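Hi there,

Here is the structure I promised to hand over, so please open it and keep it beside you as you read. My notes on what I found follow below.

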Amino acid sequence: MRVNVDLRLKDVPGQLIKALEPISVNEGNIVGVVHNHDLVTGGRISVNVTFEYKDQRSLDAIFSAWKERGVEVVKMGEIVRTFAAEYLMVGNLAHSTLRGITEGIEKMEGVETIDLQYSLSTSTANKSVLLLVNLRNKEKVRDIDDYLRSRSKRNDFLLIRGMGV
Amino acid sequence: MRLALVGFGTVGQGVAEAVAMKKDFIFDRFGTDLKIVAAFDSMTYAMDPRGLKPLELVAKKQSGKGLGKTRPKSVAEMLRELDYDVLVEMTPTNIENAEPGYTNIRTALECCRDVVTSNKGPLALNYRTLDELSKKNGVELRFEATVGGATPIINLSRELLMAEKVESMKGILNGTCNFILSRMGEEGLPFEYVLKEAQEMGYAETDPSYDIDGIDSASKLAILANAIMGLDVTYNDVRRTGIRRITLEAVELAAKEKKVIRLIGEVNGGGVEVSPRMVPLGHPLSISGTLNVLHMHTDLAGAITVTGRGAGRKETASAIMSDLVGLLKRNACLLNGKVK
């Protein structure tokens, strides 16, 4: 998981390393650091850090290391990363069929959003529909692939997958 | 090195021409000749232990009179009695039962002869059997021409990338489908129209199902899965969807998302599959025209992409020549005691 934190550090040399070290020591991966030298409040400067952590245990270890080192955490927010899977469906795709397909995907674990785009054709018999699914977990793409494969057999439409996430 | 050429259609004639064309190079480099001691087409044959003249064989075949005498028995039976070093098997692919190529190749391997082939059927259906037989008898079975025409896919992976573990691969393995799909996208033409155009230009057969239903791509993918990734699969294990049902509307909808539709063969942990896919513009697999491309991921080198012309008389002959040169190099090493 990825997290974004606002930290307050003492405005003396060596403090940034003190703040970042616990992340790497506890198997975290630093994605970005914004160091606000200009924003000094009560003798402390503000640093915004985005990092990925392995599990709750490693996140707890990072927080307790900060506490020990006198690094203040003023704000924390979880960043939910999503993965987009794309599918193109071609064939006899009535509204009821498409509704059934989207309802089936909505029920699946880890699905954030579903978006459908239609071709301009008025013919239901050979409609093209683009399906975009946003997922929290990229391992779940295979479940959606399998689900859509079985629907393409049952409803006799051509399924064109994207290149994977 | 004495060659027995079996199959003397477009590919066979291309190989005979390449043997003539590269005569001096082979002699300068290896101090020997590629000598054609026998050539067979579907009905006739020519044989001479001193060597046949390659260009005369081509001229004879093109005159419509066959290669010489009518064959009294099957090619396999004649191969058992023939004195040669390498069978060059170029009969057409038969994906139902792999014959007559399978029996021809098996016969040569049983007789401890090296084999070079462009025929996909025997390998797509019986890779393991033939591979084990060649190893048991200490001879080589080489088949660069079965996949990707002039694109050096198999020998690159098995020789230059020998230390790599290929973890996954994706590719465009059929130039006809790629021509049709790229024309649909670039010119806004419907499938049926472009298919007719491809037939008129000689890219597609009168019965195009072998290409557009993904049969050709699936045969090649089965060979690659065995040869490069060490899987034990046949053509029948490949999940296959062709391009017949792709509409212009679908192509246009993909284009709005900056994607093209291509027939992609893929081998990964999830299986072996040939199906149409949406490929982002600029991706190595978004190429247009009749080109073939293979994109591999390996444990050390990472991503490797190879592209080239996938079919044609000269291109296939080039792949067969690379296999023959591979055998000449091996023979030279054996002679010098470099390889035990």
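**What I found**

A:E27 sits in the loop between helix 1 and strand 2 (29-41) of chain A. A quick word on the terms: helices (H or I, at least four residues) and strands (E, at least two) are DSSP runs, numbered from the N terminus. Please keep in mind that this is a predicted model, in which local features need pLDDT of at least 70 and side-chain atom pairs count only at pLDDT 80 or more, while totals for chains, interfaces and linings use all residues. Residues are numbered from 1 along each chain as its sequence is written, and chains are lettered from A and ligands numbered from 1 in the order in which they are written.

Back to A:E27: its phi is near 65°, a positive value in a residue other than glycine. A:E27 counts as partly exposed because it has 14 C-beta neighbours inside 10 Å. The cut-offs work like this: a residue is buried if 20 or more other C-beta atoms lie within 10 Å of its own, exposed if 12 or fewer, and partly exposed in between, with C-beta atoms placed from the backbone.

A:D156 also has a positive phi without being glycine, here near 55°. Look for A:D156 in the loop between helix 4 (141-155) and strand 8 (157-161) of chain A. With 12 other C-beta atoms within 10 Å, A:D156 is exposed.

**Chain A as a whole**

Chain A has 4 helices and 8 strands, and from the N terminus on its elements run β-α-β-β-α-β-β-α-β-β-α-β. Its radius of gyration is 23 Å, well over the 15 Å that the globule rule gives for 165 residues, so chain A is more spread out than a compact globule. (The radius is taken over C-alpha atoms, and the rule is 2.2 Å times the number of residues to the power 0.38.) The C-alpha trace of chain A spans about 70 × 30 × 25 Å along its principal axes. Of the 165 residues in chain A, 25% are buried.

Now find helix 1 (residues 15-25) and helix 2 (residues 56-69) of chain A, which pack at an angle of about 155° with their axes 9 Å apart. Axes here are lines fitted to C-alpha atoms, for helices over the stretch in contact, and angles run from 0 to 180 degrees between N-to-C directions. Helix 1 and helix 2 of chain A are therefore roughly antiparallel to each other; angles under 35 degrees count as roughly parallel, over 145 as roughly antiparallel, 65 to 115 as roughly perpendicular and the rest as oblique. On the helix 1 side of chain A, the contact is made by A:K18, A:A19, A:P22 and A:I23, and on the helix 2 side by A:I62, A:A65, A:W66 and A:R69. Two residues are in contact if their C-beta atoms, placed from the backbone, lie within 7 Å. By class, this contact of helix 1 with helix 2 of chain A has 6 nonpolar, no polar and 2 charged residues. (Ala, Val, Leu, Ile, Met, Phe, Trp, Tyr, Cys and Pro count as nonpolar, Asp, Glu, Lys and Arg as charged, and the others, Gly among them, as polar.)

**Over to chain B**

Chain B comes to 13 helices and 13 strands. Its radius of gyration is 20 Å, close to the 20 Å from the globule rule for 340 residues, so chain B is as compact as a globular protein of that length. Buried residues account for 49% of the 340 residues of chain B.

Helix 1 (residues 10-21) and helix 13 (residues 313-335) of chain B pack at about 60°, with their axes 8 Å apart, and are therefore oblique to each other.

B:P100 lies in the loop between strand 5 (86-89) and helix 5 (101-110) of chain B.

**Where the chains meet**

The contact takes 16 residues from chain B and 16 residues from chain A. Strand 11 (271-280) of chain B is one of the elements that supply at least two residues of the side touching chain A, and the largest share of that side, 5 residues, comes from strand 11 of chain B. The side of chain B that touches chain A has 9 nonpolar, 3 polar and 4 charged residues.

Happy exploring!
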